[in-house]
Amino acid sequence: MDRSSYRCLCWRSWILHRYIWRECWELFGVSLMVITAIVFMGRITRVMQMIITRGVSPADIAYFCLLLLPYLFFYTVPMAAMLAVLATFLRLSHDNEIMALKTSGVSLGQLLPSPLVFGVITTIIALFFSLVAVPWSKQEMRQLLLEITKRRADLGIREQVFNNDFAKVVLFVNRIPPGSGRLQGVFLADERDPRLPMVITADQAQLVFDPNNPRLVLQLFRGRVLHLDEAKNIFYSVEFDHYQVPLEIFRFAAAQKSEDEMSLGELRQSLASKPPGSVEYNRLIIEMQRRFSLPLGTLILILIALPLGTLTRVEGRSSALILGLGVFLLYYLLLTAAWRLGRQGVIPPILAPWLPDVVFSLVALVGWHRARQDRPLVAWDMMKGRAQGAKSLWLRGRKLD
């Protein structure tokens, strides 16, 4: 091959990869925004209800939504990346561009560099969210909720529900008027002292944060205290106009960091203090491995999407969306099942998060093998024909009945 022919070949290869590269990134941006918006709306509904009825400031709302995004991106980036590659190659296959490329001597392996580089970049993005952004956002979200609780202590209380957010205390509130901060129709069962359990009822109450101690104080107005002294077998009933009950801060603020809030260093330190084989040990080691397994799954899903897109006979990007969501759902279900089996010790916890990656890597190898032989992965035409045949038999059976 002379120098001019080599330059021409390199130029054609550059144009081809730039064409695929551009379409992958465009579809990735659209898919990421749409999927994240859908998941975000499902998550924010409950928060918006609390905001509308309790009056949290717009600045806190915006910051809370911002902190929620890294956690959502951790799951939507792999999904959007796979959908982008799948939709790109489904479109190329449907427009017979794949056939034209093969006719001109371009193999499927020669199309790999652009989606492979795309997959490596999106994997690094997912790894950043997994190792840095998500733990930081979880810690900031906890701190934000604590600050909101200090300003509006009644935000965690739901009316006409037995609230057990406080240790060994059950609180029931009949009504919470919007914006007033006063609780109406209060029932409280306090079992913190097992020798002297008591029940308190009050017409009104108000939760305030004690700045001198990290706790809440429930101020009760016009009520009655009922308690039983089991040692003396005496029942007491005391009426009051004003009564105060100290409460521990909400569990989300008082509890220690959960494993998804810890950095890698904190996970290692906590792991060293847990006995191997315990539930806490299994949860920590699964979380540590998950930080790497799910981002790597982004690249594996893309390697599945390429042969799936070139060999699957479907039309339209809506079909690509359904097919891609189905593949990712299978991946996520397998991942969830592996996590639970790992926490219970059924399978080694250190291997549990990697099980979906191993299974889908084998699927990717089978897909590439079939792609080299030009054998379809999903014969939609055959499946459609069988479905129509089954429908005809069912209708014929109904006519005979």
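1. In this note, a residue is buried when its relative accessible area is under 20%, exposed when over 50%, and partly exposed in between, with a 1.4 Å probe and protein chains only. The structure is a predicted model, in which local features need pLDDT of at least 70, side-chain atom pairs count only at pLDDT 80 or more, and totals for chains, interfaces and linings use all residues. Residues are numbered from 1 along each chain as its sequence is written, and side-chain values use heavy atoms, with hydrogens and water left out.

2. Leu 226 lies in strand E5, residues 215-229 (strands are DSSP runs of E with at least two residues, helices runs of H or I with at least four, numbered from the N terminus). Leu 226 counts as partly exposed because its relative accessibility is 25%.

3. Beyond its neighbours within four places in sequence, Leu 226 is in contact (heavy atoms within 4.5 Å) with Pro 197, Met 198, Val 199, Phe 235, Tyr 236 and Ser 237. The C-alpha atoms of Leu 226 and Ala 189 are 9.6 Å apart, with 37 residues separating the two in sequence.

4. Ile 38 belongs to helix H1, residues 3-54. With a relative accessibility of 58%, Ile 38 is classed as exposed.

5. A disulfide is a covalent bond between the sulfur atoms of two cysteines. Under the criterion of a pair of cysteine sulfur atoms within 2.5 Å, the number of disulfides is zero. Cys 24 counts as buried, at 1% relative accessibility, and Cys 65 also counts as buried, at 17%.
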